Amino acid sequence: MLSTRACIRQINKTARMALQSSLFPGSTGACSSHRISVCFFAMFLLGFSVAQTQKERLYVNITDINLLVDKTLLFQVIQVGEFNTSLTVAAQIQHPDIVQFSPPVIEIPGSADPNTTAIFTYDVSAYGKSPGHSEVTFNVTPSGIVNLQSVFLRVTVMYSYHIYIISYIMGWIYFVAWSISFYLQIYINFKRKSVVGLNFDFLALNIMGFTMYSLFNCGLYFSEVIQGQYFSRHPRSHNPIQLNDVFFSLHACFATLVTITQCFIYEREDQRVSNVGRSILGAFSGVVIVTASLGAANKIEWLDFLYYCSYIKLCITLIKYVPQAYMNFKRKSTVGWSIGNIFLDFTGGFLSILQMTLNAYNYNDWISFFGDATKFGLGAFSLAFDIFFMLQHYVFYRLDKEFMIVDSSDEGSTMTGSADSSEYFLIKTWHADEKKYDLEAKS
């Protein structure tokens, strides 16, 4: 594929050949109407090429600047080719109280005989006045000569690089903690050869939520069409989805599917997804089908479909722990539910909120901390449930008892404790539906 400059050179060549053949055909006669048309077409091509060469000939060597308060950083404005008129380039700073440029205005002299291949650089110093984020665009006078729509800077001024590094490390720690947490439940199921005590509504909501999360991450990370829709709405923004987001969501789907597979292999008694859980999943599935159909019919953009998927994920995060907490309460036991999973989830959620706090201080951006009620609220809500699960495991239902089913004829038999001094109970009757135990015969 030809580059932009190569295309412009080809257009120039074609236009000149067309103009030469029409104006100098080798005869002395006047130009025919056909040749006149060719003349106008050639002049249009030349005008198009001139317009293109006059645009997009200024850019900055860096688009993201990170600097400390009271520190400076040097960047360059680069000019490709000379102009036939003098230009004034002025920086338009979104928040002048955060960053200051020196010089604030660049004067570019014109040339009577412009050299289109010459390259000039202009040094500009960015000075951090106070912590925060600011966007910087540029304005050129006179207008219409240079296109600077795609020339901008994102400036971040911070108090400390050490806090920045600690925050970055925390991000990876809670990423690893959340990723490992899935396997503790898988290990417990494998060790017990049973999934009794693990709520199936929780699993069903979890796989639905992580599927929606994966659709959002993969769509925005891999699809150029969806990326184009996103940047058309947020032209100066980064892609919010990184590779580790894609990996985490797909890995969460995989681990949840492994756990669901264990439910079909190991002992599960009469556990199943409740009617309430099925109704909730059906409602979410209906939203997905309707919005996907609207996207296929070009009624909404696919980016909007992904936003609906993310809203479903947020709703599921709010409610997915409720079935498991209620099941533990009803059984008066947390046996079968991994407390290690809860510890890692609590670690990840705590570090996530701590990272938000450090970033808010480092960038003096408390508005985004409290303004992003969704992210902060979900993190705090998950932490509250984690604490409640810990209370269930270590306070409310902390006794770990082993049960054995015996016939009534064995009531007089004696039993010896195991080496680990576990407390044994002889169960005369066991009602599987009510999960009630008759503990009258105790050894």
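The model is predicted: local features need pLDDT of at least 70, side-chain atom pairs count only at pLDDT 80 or more, and totals for chains, interfaces and linings use all residues. Residues are numbered from 1 along each chain as its sequence is written, and side-chain values use heavy atoms, with hydrogens and water left out.

Helix H3 (residues 161–192) packs against H6 at an angle of about 10 degrees, their axes being 10 Å apart. Helices here are DSSP runs of H or I of at least four residues, numbered from the N terminus; axes are lines fitted to C-alpha atoms over the stretch in contact, and angles run from 0 to 180 degrees between N-to-C directions. H3 and H6 are therefore roughly parallel, a term for angles under 35 degrees.

Threonine 256 lies in helix H6 (residues 243–265) and is among the H6 residues that meet H3. Threonine 256 counts as buried because its relative accessibility is 2%, where buried means under 20% relative accessible area with a 1.4 Å probe, protein chains only. Leaving aside residues up to four places away in sequence, threonine 256 touches Phe182, Leu203, Asn206, Ile207 and Phe210; contact means heavy atoms within 4.5 Å.

Serine 333 is found in the loop between helix H9 (321–331) and helix H10 (339–362). With a relative accessible area of 16%, serine 333 is buried. Serine 333 and tyrosine 397 are 64 residues apart in sequence, yet 5.3 Å apart in space, C-alpha to C-alpha.

Terms used. Helices (H or I, at least four residues) and strands (E, at least two) are DSSP runs, numbered from the N terminus. Buried means under 20% relative accessible area, exposed over 50%, partly exposed in between (1.4 Å probe, protein chains only). Angles under 35 degrees count as roughly parallel, over 145 as roughly antiparallel, 65 to 115 as roughly perpendicular and the rest as oblique.
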